[in-house]
Amino acid sequence: MHIYDARFPAAPGARLVPPDALVPAYAALQSRLGLQRCVVVTPSTYGEDNRCTVEAIRALNASGVQARGIAVLSADVDEATLASLHAEGVRGVRFNQTLGGLSLDDLEPLAERIAPLGWHVELLLPAALWPQVATRLQRLPVPMVFDHLGRLPHPGREHPGHHAILALLDTGRAWVKLSGAYLQDGTTPAQWSADAHAMARAYLHVAPHRMVWGSNWPHPTVHAGLHAAPDEADLLALLRRWTADDVTWRRVLVDNPTDLYNF
């Protein structure tokens with residue numbers, strides 16, 4: 001999920017600048033859904049400014065919520081900043097290529113920098129990039145997490161990116177976030193629900209112990225008018241259908257994130 005706070009300025013040229021979405025509002029959602037932990041991801045809005053995320057992690061932890069974070073950084077980040085972010089609960093760095101963001105030129109050098117910390121890289125890529133970067137990803141010295149089912153267009157299971165992600169899962173170091181099903185462009189709710197189900201089941205079949213979930217609250221592309229607003233309870237219910245049994249349900253929501261985010 002993301003926190004947006006107008007006290008922190010948007011980066012020049014930011015393409016998504018949603019209204020404030022603050023910790024108390026997210027706490028209310030957690031209460032409604034019965035959630036106890038969260039991962040705050042620095043959104044594209046703030047560029048490489050992670051202050052909003054760090055403050056949110058502090059506030060959530062102070063309120064009794066177990067919180068971790070994903071930062072946005074460049075390869076020239078200094079060691080003191082890395083150490084400080086780790087102490088605050090950051091456990092990975094994000095590359096969001098769907099909205100500009102950091103160049104993938106920083107991927108390998110930054111991965112080398114964060115490897116001693118036990119962090120991972122989180123990737124939100126245009127669908128066409130997956131086959132192109134698969135070989136590079138296989139060589140990274142850190143785990144990798146793929147956002148939003150790979151962010152593939154409908155029908156996702158037929159896309160080359162889906163096959164590239166399945167192959168990367170076979171390496172034993174890739175994870176998929178079973179989230180953002182509603183982000184498939186040009187689909188009706190019935191289409192994206194069925195398509196996402198097929199993709200999620202394929203990922204779960206290959207690596208059920210490396211799947212995690214996220215609400216993507218507060219759904220920044222919805223505020224930009226790009227998608228209809230989903231109900232988070234419906235998204236959690238989708239995950240329940242994908243996991244099919246209690247063991248996998250607990251694995252995705254409890255055990256896997258414990259390992260990945262060091263809860």
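Visitor: How many of the 10 residues of helix α6 are buried?
Guide: Seven of them, so α6, residues 160–169, is largely enclosed by the rest of the structure. Keep in mind that this is a predicted model.

Visitor: Which residues of α6 are buried?
Guide: Gly161, His162, Ala164, Ile165, Leu166, Leu168 and Leu169.

Visitor: OK, switching to Gln184. Where is Gln184 found?
Guide: In the loop that runs between β6 (174–177) and α7 (189–206).

Visitor: Is Gln184 buried or exposed?
Guide: Buried: the relative accessible area of Gln184 is 7%, and the cut-off for buried is under 20%.

Visitor: What does Gln184 touch?
Guide: Leaving out residues up to four places away in sequence, Gln184 touches Leu152, Pro153, His154 and Gly156, along with Trp192, Asp195, Ala196 and Met199.

Visitor: What separates the C-alpha atoms of Gln184 and Leu99?
Guide: A distance of 15 Å, with the two residues 85 apart along the chain.

Visitor: Now some helix geometry. At what angle do α1 and α9 pack?
Guide: About 45°, and the axes of α1 (residues 23–33) and α9 (residues 232–243) are 10 Å apart. That angle makes α1 oblique to α9. Their crossing is right-handed.

Visitor: Which residues of α1 and α9 meet?
Guide: On the α1 side you have Leu29, Arg32 and Leu33, and they meet Glu232, Ala233 and Leu236 of α9. The residues of this contact split into four nonpolar and two charged, with no polar ones.

Visitor: Last topic, rings. How many aromatic pairs does the count come to?
Guide: Four aromatic pairs. One of them is Tyr4 with Tyr46, at 6.3 Å centre to centre and 35° between the planes, which is a tilted arrangement.

Visitor: Where do Tyr4 and Tyr46 sit in the chain?
Guide: Tyr4 is in the segment before α1, while Tyr46 is in the loop between β1 (37–41) and α2 (51–62). They are 42 residues apart, and the pair links distant parts of the chain.

Visitor: Are Tyr4 and Tyr46 buried or exposed?
Guide: Tyr4 is buried, and Tyr46 is buried too.

Notes
Residues numbered from 1 in each chain as written. Predicted model: local features only at pLDDT ≥ 70, side-chain atom pairs only at ≥ 80, totals over all residues. Heavy atoms only, no water. Axes fitted to C-alpha atoms, helices over the stretch in contact; angles between N-to-C directions. Helix = DSSP H or I, 4+ residues; strand = E, 2+ residues; numbered from the N terminus. Parallel < 35°, antiparallel > 145°, perpendicular 65-115°, else oblique. Left-handed = near helix turned anticlockwise from the far one by under 90°. Contact = heavy atoms within 4.5 Å. Nonpolar A, V, L, I, M, F, W, Y, C, P; charged D, E, K, R; others polar. Phe/Tyr/Trp six-rings, centres within 6.5 Å; stacked < 30°, edge-to-face > 60°. Buried < 20%, exposed > 50% of the residue type's maximum accessible area, 1.4 Å probe, protein only.
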